[in-house]
Structures are given as structure tokens and as C-alpha cells.
Amino acid sequence: MSAYQSIKISLIDIPDGRLRDVDPDWADCLAGMFAEVGQKTPIDVVANGKRFFLVAGAHRLEAAKRAKWREIEARILEPSTEHAADELRLHEILENLGRKDLNALERCEALSELKRVYEALHPDSKNGGDRKSQVARNKRKNQNEIFSFCSSAAETTGLTTRSVQIAVAIFHGLSQQTRERLKGTPFAEKQSDLKALSDLAPEVQAKVLDLILGELPKARTIGDALLILDGRDPETATDRVLRSACDNLSKLPRASRMVVFKLHRKEIVELVKREGWLDG
């Protein structure tokens, strides 16, 4: 039978041979969350006489230590508890953002939802509010703390503040139907693909997805699909190499271009004769 209990941190021992080492940066992130919304998920422990062995929650335990807590909520066997929906949602999002295996679409969704929940928990961040009162100053301090936490979480997941803004904009630019159709496809993995789609009107997004996600796709990329919709043929592999060569040849220094021309001297001479460029 499981039970919840607030236990002294000094009574918890961490056994050797754990699968994961504690990431100090992530522990700092969790400490910031504890300071803002408290501990949402208890650690798991097993009793060992008058002490306890840690079973799960090494980062949470380390975060509590860094937050200068003397006690921490623990689950001895299985806990059950209730929280406000937004706070639970916030916890879920932050846990997900700490994971390394989110694809681009999932990350955009998590960050967009984080923005919604954050604004629900902190209306002043969205509507302004009284900027002179001590209450307002205290709220801004707390907001700064969670913003700092989010920034740290962003760094942990390899994102920047600008990246977070772009991800939120992308998610809002995708229609609900587009988001659903993209799930489980390779196009959900690349943010550049999502960005390209989010810049299109919802009805165009649907047409593009028809071309790239059909049983026999008529386009390999979003760019190819847009060419087809514009009445043009998609680029072949040779087309792409030619375009790249033309784009880059003029960027070479003159001496380097001469090296290219000399390497193709025979073909260039034949072309000059055939076209009659030196005649007359």
C-alpha cells in the first residue's frame, strides 16, 4: 500500500549504481520551478529502518536541496494527489520540455501550451497590471524566476528565447487539421518544414499535405508541392545540382573560376565553336 509523507531530506540516502547521473543544470531548473509552483511530483522512496532509500526522483531531490528545503514530499509505495488543472498541465509541459526526444511539432506544441498556461497562472504578464505596488513587484519577481527557469529549460533542450518565440508562432500558424495530419510523419521532425507550412494559408496547407502525404506522394518536399500547385514541375536532382553550381560559381574568386574553366576547357572550346561566339 502506498502512502505520501513529508520526510526530512537528511534521512534520504541515494544508493550506488543508479542508471542516470544528476544533471546539475536540470536540477537548477527544477529548483526554480519548486520556488514558483511548489513540488508537484513526489519522489519515490522505500523505507530502510528509520531512514529511506531513494527509488526515483534524484533531480527533484537535488533541486529541493538547492532550494534549501529541509523536507520533501515523498511517495512510499504509490501516492495519489490532486492539483489545479493548470498547475498539473504546467508540470506536464515542463517535464516534457526536459526530454531530449521531442520532435519539432511536439516541441512547438509544448512551448505553445506553456505560454497559454503561464498566462493563465500569471494574468499580469499578459495584461500589464499595477506596476507600482509591492504585490505587483513580488509577482514580477516570481515571474522572473519562472522565466529564468524556462530559459534554463530552453538551454537544456538546446533552444534559445528566440527559438521559443518562433516555435510558438509556428504552432499557431498551423491549422488544427494540419497538426493532426502531420503527427507521425517525417515532416513533423523538421522545424524548417513546419515553418514553411505555417507561412501558408490553411487551405494551401491542406493541398500541400495532399501532395506529400498521399498513398503515392506526388511531391517529395514542401517546396516541390508548392511548385506543383503553381503549375510547374518539381526540381530533379540534376536541376538542384545545376542551380547550386550556377548560384555558387559567381561567388568564387576570379582565379578559382579560371581553374573551373580550365578543368572544362575542351567542352568550353567545343561550345564556343558550335555557338559561333567568335565568328564575325
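Strand S3 (residues 43-48) and strand S5 pair in the parallel sense over 3 bridges, where strands are DSSP runs of E with at least two residues, helices are runs of H or I with at least four residues, and both are numbered from the N terminus; two strands count as paired if DSSP finds at least two bridges between them. This is a predicted model, in which local features need pLDDT of at least 70 and side-chain atom pairs count only at pLDDT 80 or more, while totals for chains, interfaces and linings use all residues. Residues are numbered from 1 along each chain as its sequence is written, and side-chain values use heavy atoms, with hydrogens and water left out.

**The sheet**

- The open sheet is formed by 5 strands in the order S1-S5-S3-S4-S2, with mixed pairing.
- S1 and strand S2 (12-13) stand at the edges with a single partner strand each, so one side of each has no neighbour in the sheet.
- Strand S1 (residues 3-8) runs antiparallel to strand S5 (residues 71-76), and 6 bridges join them.
- Within S5, Ile 76 is the bridge partner of Ala 3, and Val 45 also stands opposite Ile 76.

**Helix H9**

- In helix H9 (residues 191-198), the buried residues are Asp 193, Leu 194, Leu 197 and Ser 198, buried meaning under 20% relative accessible area, exposed over 50% and partly exposed in between, with a 1.4 Å probe and protein chains only.
- These residues lie on the same side of H9, because they cover an arc of only 130° around the axis, taken from the directions from the helix axis to the C-beta atoms.

**The surface**

- Phe 261 belongs to helix H13 (residues 254-263) and counts as partly exposed because its relative accessibility is 32%.
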